[in-house]
Amino acid sequence: MPQPQYTQRASEALQRTIKIKQRYRHEFIMPEHLLLALTEDQSFAFSFDEFGDNCLRDLSNRLVAFLSDVEQVPEDAGSSLELSEQMQQVLQVAATQVVSSSADHIDIPHLVEGILSLEDSQARYDLELAVDGAVEDWMSMLISCYEEEDSMTGESGETRHEEAWRTQVVCLNDQVASHNPLIGREAELERTIQVLCRKEKNNPLHVGEPGVGKTALVYGLAARIVEGRVPARLEKSRIYQLDLGTLLAGTQFRGDFEKRIKTIMEGVRREGNAIVYIDEIHNLVGAGRTGDGSMDASNMLKPYLDAGDIRFIGSTTYEEFNRFFSKSRGIVRRFQQIDIDEPSVDETVRIIMGLKAKYEEFHHVVYPDEVISYAVSASAKFVNDRFLPDKAIDLIDEAGAYREIHPSEELGNVVDKALVSEILSKVCKVDAMAMKEEDNASLETLQTRILERIYGQDEAVRQVVEAIQMSKAGLLEEDKPLASLLFVGPTGVGKTEVAKVLAQEMGVQLLRFDMSEYTEKHTVAKLIGSPAGYVGYEDGGLLTDAIRKTPNCVLLLDEIEKAHPDIYNILLQVMDYARLTDNKGRKADFRNVVLIMTSNAGAQYASQASVGFGARVPAGEAMMRQVKRTFKPEFINRLSATVVFNDMDRVMAGMILDKKLRELSQKLEVRKVTMTMTEDAREWLLAKGFTREYGARELDRVIAHDLKPLLMREILFGCLRDGGHVEIGLSSEDSASQAKQLILNSKNTLLST
């Protein structure tokens, strides 16, 4: 790293330091030599004017007394320029500050910062004693003195001081023409003007969610001032935006940030009738603080807030207000809070209609009115983690950019609903066809398509599809999931399969949670996140994070009865309000979720329902009785439907077997193998794989155990290595075992298992 150069006055101070060291005949150059040399600098001396007439003289006397007690070396050794360890540290700190800031040379304030960074140093002790511990204030004064010294070239320092603060702010009055006009928000704007005209507490604080238009409201006020449509008290006012990031950038040493704040505030005060706008005002708390005893930006602004001659407008979100800003009660009480609510869909349509011409001109496209309305309603429905009007404006802006780059052969430069749906589908991870409210053809055939893949559960499928269609028709409450369904039935009858097929046919993702992982009380917290102070707090909630990433989905909670009972309290909130809040206060929206919970509760009683003399209780009713014992009434009462699945019978098992054989044939086609099966072989598989107790899973095991090994050996080592046709048959009865087995016949070769 190259060593920075010194300014002329810093070089002169170091030359005086060497002479002082030689005069005292000391072995090393020490920080005390440097500080004594600085007392001879005129601007350094001026910085002590406000700390008493004798403080600089007392500092010099203490340094002289200390240096006089330091052991001297022989006169011929006094010419050495070796630095003490502390002096090396002073120069190193000064150089580091220059490199990490925007300065070009090491100046005297950098050297002073180096002295103040020392521990167990007489120079630091004497300097802090001279300013009575007010190091921050004195450093601010020291910097001012050297800035005034620099300004004494050409024009006067006062003129430069007058213009310097304007480079640190942005005047919104000059930016009105290039900013989107404010449409609506009349009540909030009138309330802001009213607060600005108060005698005391004339500082409005806009609090609202991100994207609802807090900044646009201030630009709307600036536009009214430019147009002259404000009360006489606000006429010809200018609004200056204060950017805390810009103020903090390049601050090199203590006191520099305070100096910038003071310079700007004094400049605004001299202008008169000015308004300071601070976006993200919560950043004031702690900004510029270098230690526990130092002041931050909020404390520096309190005198100006109290004086009333400078009015302030702040804006922040509810989350940041509660987390940071509300802790500074002294600053909060000086503002008048104005809540900025999210506009309704109708209000947002009116806002974007007013902005439409600007976006059409920018993108060279055309937005039909019905497309604007559709974009607003679709963004309100499907984009759940952001707020109107921001998310709707983003949608039409991106649609316009796409159409400008890819003109349509049929529509030219017109943005249509299909394009809006396509862009929204990428954002929300949902099939574009599913968002077209006018396209109900796919919804109408949903039951037929599912029944083509699910066998023997017609009534269960009908209830599922009917619940979803009821929600799509708008006949259910809006602030609820699309459907909340409890699937009840024996194992292996298709409960999980229905959820998978439903997600595929709806064009959405399936999110599956195995509830057997949440049997303990403490594991339930993983779904919404661990409390603060516990392991996993920073990881967030598994369920809430998944829904925020994929807000349009089928959510499958498998084997819900195995979870800890606390899980039902979480699900009550989901089924009632379609909202779930994680450990950090972030909300997940379940309005576009199909919630499916599966359970085996009562399945063991279903098979016993018709056992005994005169028993006439249906299996479904027997299961429902046990479900009501397992789940609380308030849980069952919030379900869209409780769907009871039938037991496996032979007809259903045969259909499932044929489906699984077709899936196996599709896998074989990849290896150029075709397969047929004789009827007696099929019947043998069905007889061996059909059990009411284990359902379709027993068929999977039979195929894996008896059929696939035959195919595997021939594909890897036999006559099917290059493909071919194979026929699965049944062997004649084995005299030893008196049992029949599958055989594989390929190219006239008979193979027995």
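Author: Two strands count as paired if DSSP finds at least two bridges between them. Strands are DSSP runs of E with at least two residues, helices are runs of H or I with at least four, and both are numbered from the N terminus. The model is predicted, so local features need pLDDT of at least 70 and side-chain atom pairs pLDDT 80 or more, while totals for chains, interfaces and linings use all residues. Residues are numbered from 1 along each chain as its sequence is written, and side-chain values use heavy atoms, with hydrogens and water left out.

Start with the open sheet of five strands, whose order is β10-β11-β14-β9-β15 and whose pairing is parallel. The edge strands are β10 (509-514) and β15 (641-644); each has a single partner strand, so one side of each is left without a neighbour in the sheet. On average, neighbouring strands here are turned by 20 degrees against each other, direction ignored. Such angles run from 0 to 180 degrees between the N-to-C directions of axes, which are lines fitted to C-alpha atoms, for helices over the stretch in contact.

Helix α23 (residues 458-472) lies across β9 (483-488), β14 (593-599) and β15. Contact here means heavy atoms within 4.5 Å. The helix α23 runs at about 160 degrees to β15.

Now turn to the open sheet of six strands, in the order β3-β5-β6-β7-β4-β8, where the pairing is mixed. Its edges are β3 (169-171) and β8 (336-339); each has a single partner strand, so one side of each lacks a neighbour in the sheet.

Inside the order, β6 (residues 274-279) and β7 (residues 311-316) pair in the parallel sense over five bridges. V276 stands opposite F312 in β7.

Two helices lie on these strands. Helix α10 (residues 186-196) lies across β4 (204-207), β6, β7 and β8, and runs at about 175 degrees to β8. Helix α11 (residues 214-227) lies across β4, β5 (238-242), β6 and β7, and runs at about 150 degrees to β5.
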